[in-house]
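Good morning, colleagues. I would like to take a few minutes to go through one chain, moving from its overall make-up to a few individual sites.

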Amino acid sequence: MSFLSFIRRNTSQTLGIYWVLVRITVPIAILTELLSRMGAVKAVAPAFAPVMNLIGLPPELGLAWLTGMLVGIWGAIPLVFTLIPVSSLSVADVTVFSALILFAHGLPIEQKIIQKAGPGMIATTVLRIVGGLLYAFMLHHVLSATGWLSYPVDPVWLPMSATPDWGDYAWGLAETMVWMLVILLVLSWGLEILKVTGLMEWMMKALSPVLRLAGIRGEAGHLTAIGLFLGISYGAGLLIREAQSGSVAPRQIFLSCVFMGFAHSVIEDTIVVMSLGANLHGVLTGRLVFAVAACAVIAALLRRLPDKAFFAQMFRMGTMEAARR
């Protein structure tokens, strides 16, 4: 394949992803703005108050959290500064919210991919949501106790802010979508450069000792590293193939998918939330430490779980057999 054809293919794939995001994000953003102006957001926000209070966030952000879980990060971030004025948020607030959506986003799509590899959808979905809430809770209390990151947030990229005029709002939404395209293209080509230069492979090998601490070994470790850097679609997608061949043990597949649920696509997703003002250590360093520690605990519990209970509640052998056929 010529270099020009390679560029054309990569750009075409990115534009395809972007078009899907546009069709999801724009209607949701407009609907959210309409509901906000009608007072519906204020009416619904109290329902999210108990959960948001646990992690020190305004209840209005619960709607963005729910959108992120159902649609994805790109569905959630344009809503943040529409629901809450940027002037009322601190770096700590944005970091805690970013951590929350980094754990659990795009669940209908990503969890379906994970399910195809064998792990039960309910078990892994609950672990992602509970893991995200637990990490956000811990992060909030650490930041509150230390006063770290308590200063006002200063986003590099302001996706959207509430405006009094629909014309201004439409212009702001258009600017947001243009910047979204720019960021996607930069990230897409950045990842390709890492692959071509061999840096991606080096990063995956360097991660192997860390994954062993989480109880993930052998080929499962390599595929987990792929998911960590490139996303669940790649990591769990390859695990589906390994699950069908029987070369990776079911418990290793389960652990790998749990780890990827806690931490995946760390390059792209981290850059996106940092552009909103999130702190690197809060959304990356701490999240990776939590993912390793949590998976180590889960691995220890799995070793005590009898096969009958594991295959009844955590892993569906029937899914793998159906995939083979």
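Predicted model: local features only at pLDDT ≥ 70, side-chain atom pairs only at ≥ 80, totals over all residues.

The secondary structure amounts to 16 helices and zero strands. The chain has 325 residues, of which 49% count as buried. It exposes about 15100 Å², and carbon and sulfur atoms supply 69% of that area. As for the contacts with a separation of 6 or more, 78% of them are between residues 24 or more positions apart.

Let me now take the helix pair. Two packed helices are described by the angle between their axes and the distance between the axes. The crossing of the two is right-handed. Which residues meet there? From H4 they are Ile 73, Ala 76, Ile 77 and Val 80, and from H5 they are Phe 97, Ile 101 and Leu 102. By class, this contact comprises seven nonpolar, no polar and no charged residues.

I turn next to backbone geometry. Most residues other than glycine have a negative phi. Against that background, I would point to two sites.

Leu 149 is found in the loop between helix H7, residues 121–146, and H8. Its phi is near 65°, a positive value in a residue other than glycine. Is Leu 149 buried or exposed? Its relative accessibility is 2%, and buried means under 20%, so Leu 149 counts as buried.

Ser 265 belongs to the loop between helix H12, residues 250–262, and helix H13, residues 266–275. Here phi is near 50°, again a positive value in a residue other than glycine. With a relative accessible area of 7%, Ser 265 is buried. What is Ser 265 in contact with, leaving aside its neighbours within four places in sequence? The partners are Gly 227, Leu 228, Phe 229, Leu 230, Gly 231 and Thr 270.

The C-alpha atoms of Glu 192 and Asn 10 are separated by 8.8 Å, although the two residues are 182 residues apart along the chain.

That concludes my presentation; thank you for your attention.

Technical notes
Residues numbered from 1 in each chain as written. Heavy atoms only, no water. Helix = DSSP H or I, 4+ residues; strand = E, 2+ residues; numbered from the N terminus. Buried < 20%, exposed > 50% of the residue type's maximum accessible area, 1.4 Å probe, protein only. Contact = heavy atoms within 4.5 Å. Left-handed = near helix turned anticlockwise from the far one by under 90°. Nonpolar A, V, L, I, M, F, W, Y, C, P; charged D, E, K, R; others polar. Areas by Shrake-Rupley, 256 points an atom, 1.4 Å probe, with all protein chains shown as cover.
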